[in-house]
Amino acid sequence: MRLSTRVAALCVALLASHQASAVELPQRWVSAGGALSEWVSALGGEAKLVGVDTTSQHPESLKALPSIGYQRALSAEGILSLRPQILIGTEEMGPPPVLAQIRSAGVQVELFSAQPELSALQTNLQHLGQLLGSETQATALYSTYQQQIEQQKAWVTQAQSGQKAPGVLLILGHAGGKPLIAGKDTAADWLIQQAGGRNLASQNGYKPFSTESLAGLSPDVLVFADRALTGETAKAALFKENPILANTPAAKAGRVYELDPTLLVGGLGPRLPESLKKLSSGFYPGAPAQ
Amino acid sequence: MRPLLKPRVLFIGLSLLCLLAIWLSLALGPVSLPLLDTLRAALRMLGVPIAAQGLEQAELILGQIRLPRTLLGLAVGGVLALSGVAMQGLFRNPLADPGLVGVSSGAALGAAIAIVGGSAFGGLPESFGPYLLSLFAFIGGLGVTALVYRLGRRNGQTNVATMLLAGIALTALAGSAVGLFTYLADDATLRTLTFWNLGSLNGASYARLWPLLLVSVAVALWLPRRAKALNALLLGESEASHLGIDVERLKRELVFCTALGVGAAVAAAGMIGFVGLVVPHLVRLLAGPDHKVLLPASILAGASLLLFADLVARLALAPAELPIGIVTAFIGAPFFLFLLLRGRA
């Protein structure tokens, strides 16, 4: 799957360079949105990016670009100093007066949706494709993506026929400490459901948890997203800081999985299907491999 | 403590410093403009007929971004420092700052209501959002201050000690309400709230600037006229009234000016700490406690400090930007400590 994405990206890059001379397309891009930057790269536009915001962490190479700060606290002159022709971002981008200043300087400002919905992604990709001059590639990328999501859904339905949906808690932490539980109305909640889990947390948004209520929930699966640590160190830190978690059925059965926290911001990104697959395999260990 | 500087020397020094700050604030930024272009664009804006050719960018950056930002910095810095003097004079306490009468915490509460409440009601129209935030912050600041003042009054007298305690209580109350809103906020609004609490001169526009400019000019003209009364108040309330000062009226004016000025400043630029508390001290260390010097000098010093802090804020991490609240304390506090230790030796 990954290879095909790469091949697609390569085709896109070749075609984009071919078409660019034909139409007047913006050549200097600033992106203020993690998932958007990823899509620009996937569509072969990475070379056009001259600046990204702090939520743009993937692909790794973007970190070398000048940082324009957090998407909600942009600076007009800072962005203008990069001499961009276009600024892209989600509806979270701001503050509005700064966007107005950037527009009045003749920079095209394009807004995209950060909703975790396929329809929003389709619109976004089409729009990006037009702006990058790689519409066919955008359509191809979208249909692959849609297929992956649908296959995923079918797999989950199948798995659920043989096994009850597991109760899941998603824990967002910082080096294990001060963990927050992902409740309703979050990207994390959407992810859990998409992977076939049942989110046990019923509150809205990300909230700190009381150990007592947690003990009563007895999750079958724990998913952790740590902003500071990764892998085994993050897991160890989480259990060290919150010993109560070690007594949950999930921890006893060893069903504790990691999630990249950057997937939780800015809408549907290209790395999502891969992560969903991993998560759902963890949710349904008995089901046939995807 | 013997003043380090004569008033005249202080005023000349501070005026030069302030002019330098204004010039740097107009001339420097993430976009590097040639000095000549900046000068020509500035002259053009002043009405000198110069060909516009090649100046479009300079004019835009100077006129639409740097000038409103500089004016905002001047007004906010000046009015915060001036309110600090007023509060320290009113409470006859060097630890007093404009936050003490509840204006900052009230403004923070107003802002939290606007930010969190706004998003709870399905988001506000984009063009209206920022104005609502400013309006709520201003109303919140004024409202809580009015309440503090009201609580401090008994039998037609304003008891400063009661007012101070009422201010502390209401600040705590407003703080817990802000905490509740923080808890209720979702991720995105939480970030907005955090950044608002750190303050910024970013995104200054003329539309939002005028109300603040009017208020700060009014306060800056009014308060220095009360310098003599403030000097008398230093001796004590009864002494001041024996000297023929209408103390009740003075208190009312001080509280009102502070609420108005700080309310407008916070509404326009968010919470910017440190300036109101320390700039008056700084000036006092340099030139002594005479309010005739202290009031106008604090305006100049506060404005300069804020402009320099803003320069650091916009240049340090360019093209990104630091919240200015971080910078004011970072450059102001070591300087203040230096003066303090020097004064002791």
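**Figure 1. Contact between helices α3(B) and α8(B).** In this view B:Pro68, B:Leu71, B:Leu72, B:Ala75, B:Gly78, B:Val79 and B:Leu82 of α3(B) meet B:Tyr206, B:Leu209, B:Leu212, B:Leu213, B:Ser216, B:Val219 and B:Ala220 of α8(B). Residues are in contact if their C-beta atoms, placed from the backbone, lie within 7 Å. The contact of α3(B) with α8(B) has 12 nonpolar, 2 polar and no charged residues; Ala, Val, Leu, Ile, Met, Phe, Trp, Tyr, Cys and Pro count as nonpolar, Asp, Glu, Lys and Arg as charged, and the others, Gly among them, as polar. The axes of α3 (residues 56–91) and α8 (residues 206–222) of chain B come within 9 Å and cross at roughly 35°. Axes are lines fitted to C-alpha atoms, for helices over the stretch in contact, with angles from 0 to 180 degrees between N-to-C directions. The crossing of α3(B) and α8(B) is left-handed, meaning that the near helix is turned anticlockwise from the far one by less than a right angle. Helices (H or I, at least four residues) and strands (E, at least two) are DSSP runs, numbered from the N terminus.

The model is predicted: local features need pLDDT of at least 70, side-chain atom pairs count only at pLDDT 80 or more, and totals for chains, interfaces and linings use all residues. Residues are numbered from 1 along each chain as its sequence is written, while chains are lettered from A and ligands numbered from 1 in the order in which they are written.

**Figure 2. Packing of helices α6(A) and α11(A).** Helix α6 (residues 135–162) and helix α11 (residues 272–283) of chain A pack at an angle of about 10°, with axes 10 Å apart. The two helices α6(A) and α11(A) are therefore roughly parallel to each other, the term for angles under 35 degrees. On α6(A), A:Tyr145, A:Gln148, A:Ile149, A:Gln152, A:Trp155 and A:Val156 meet A:Pro273, A:Leu276, A:Lys277 and A:Ser280 of α11(A). By class, this contact of α6(A) with α11(A) has 6 nonpolar, 3 polar and 1 charged residues.

**Figure 3. Interface of chains A and B.** Here 26 residues of chain B are in contact with 26 residues of chain A. On the side of chain B, α3, α5 (129–152) and α7 (187–198) give two or more residues. The largest share, 5 residues, comes from α7(B). This side of chain B has 12 nonpolar, 8 polar and 6 charged residues.

**Figure 4. Backbone features in loops.** Most residues other than glycine have a negative phi, and most peptide bonds are trans. A cis peptide bond joins A:Gly94 and A:Pro95, with omega about -5°; A:Pro95 is in the loop between β3 (86–90) and α4 (96–104) of chain A. The bond from B:Ala318 to B:Pro319 is also cis, with omega near 5°, and B:Pro319 is in the loop between α13 (291–315) and α14 (324–344) of chain B. A:Asp185, not a glycine, has a positive phi of about 65° and is found in the loop between β6 (177–182) and α7 (187–194) of chain A. B:Asn155 has a positive phi near 50° and lies between β1 (153–154) and β2 (157–158) of chain B. With 5 C-beta neighbours inside 10 Å, B:Asn155 counts as exposed, whereas A:Asp185, with 13 other C-beta atoms within 10 Å, is partly exposed. A residue is buried at 20 or more such atoms, exposed at 12 or fewer, and partly exposed in between.

Notes. Contact = placed C-beta atoms within 7 Å. Parallel < 35°, antiparallel > 145°, perpendicular 65-115°, else oblique.
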